[in-house]
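Q: I'm new to this one. Can you walk me through it?

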Amino acid sequence: MFAYLVRRLFLMLVTLFGISIVIFFLLRIVPGNIVDILFAAAGYVDPADKANLEKELGIDQPLIMQYWHWISGFLRGDFGYSYVSEKPALQEILPRIPITARLAGLALLFSASIGIPLGVISAVKQGSRIDYALRVVSLSGLSLPSFWLGLLVLTASVAMFGQMPIFNPNPQSFGEAFATYCIPAMVVGFRSSALTMRITRSSMLEVLRQDYIRTARAKGASDAAVNYHHALKNAILPVITVIGIEAAFLIGGLIVTETVFNIPGVARFLVEAIRWRDYPIVQNLVMFIAIVVVFANFTVDMLYAVFDPRIRYTD
């Protein structure tokens, strides 16, 4: 087990190192930088002023040196300064992480708590009207874009209550925080719950056909014990994989939802930083998302051994 963990940690470090290189050089491939954008917005270009600003920001140096300054600072916890606000990048990023984390966590909770039970019901009731209805709902969730659903929710809110849901960045109680994040989380979680439901149904149908399920029924086990104790426990691994992937995706995939609901989270801030070529913000945010994705996959692998005793990570 220890050797496996060491190998995985080494592969995670190599993966993150490769991602850092891709992030850095892809940003430089995009035409223009913040100096070009600023001078284009001002309507004039003074070569001397432009050269001074590039030197001040450090973007006149060779790419290898720029990469070394960034990655060495990142490893020391020095994330640099935002080109736009001239504030420390960490100071700009940190307040937005809890907002996106709460939204993603609530959406994931909604996805799992709705998708897994409905997937089990759909599998157990295969071929019934309930099964067909749930399959239609799941296909709708996979087909409807989250931004369209968000706009539909906002329009319905205005039509019914005369106002749109207003995001409160500083809720004073749990109930107020839940109300603030509930609607956008459900909009995002609807698609995730549909995917979870489909995977749960497919995995359950495969398990329910196994011989040990028929043996459990023949021995007089109740339907609840067969479906949830025997079948679901053995069908849960693909569901865990999907939930882990969705957890990683939600951190960086909330761009449209945060924009529609005017939520000042990480994803929306990342888009603004890319537009301004704010390299320190973009590089550090994408690395943060990459770290979340890598550790989410690692956590899913570890959960396999918890939910399935047959899986052992040995030397």
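A: Just after helix H4, Gly77 has a positive phi of about 90°. This is a predicted model, where local features need pLDDT of at least 70, side-chain atom pairs count only at pLDDT 80 or more, and totals for chains, interfaces and linings use all residues. Residues are numbered from 1 along each chain as its sequence is written, and side-chain values use heavy atoms, without hydrogens and water.

Q: How many helices and strands does the protein have?
A: There are 14 helices and 0 strands. Along the principal axes, the C-alpha atoms fill a box of roughly 85 × 60 × 35 Å.

Q: What share of the residues is buried?
A: Of the 315 residues, 38% are buried. Buried means under 20% relative accessible area, exposed over 50%, and partly exposed in between (1.4 Å probe, protein chains only).

Q: Back to H4. Which residues are buried there?
A: Gln66, Tyr67, Trp70, Ile71, Ser72, Gly73 and Phe74. They pack against helix H1 (2-29) and helix H14 (279-307). Contact here means heavy atoms within 4.5 Å.

Q: Now H8. How far apart are its end C-alpha atoms?
A: They are 22 Å apart, which agrees with the 22 Å that its 16 residues (146-161) should span at 1.5 Å a residue. The expected span is 1.5 Å times one less than the number of residues.

Q: And which residues of H8 are buried?
A: Leu149, Gly150, Leu154 and Ser157. Seen down the axis of H8, they fall within an arc of 140°, so they line one face of the helix. That arc is taken from the directions from the helix axis to the C-beta atoms.

Q: What covers the buried residues of H8?
A: The cover includes H9 and helix H12 (255-260). The face turned away from the buried side carries the exposed residues Thr155 and Ala159.

Q: What follows H8?
A: Gly162, with a positive phi near 80°.

Q: Switching topic: at what angle do H6 and H9 pack?
A: About 35°, with the axes of H6 (residues 97-124) and H9 (residues 174-208) 4 Å apart. Axes are lines fitted to C-alpha atoms, for helices over the stretch in contact, and angles run from 0 to 180 degrees between N-to-C directions.

Definitions and conventions
Helix = DSSP H or I, 4+ residues; strand = E, 2+ residues; numbered from the N terminus.
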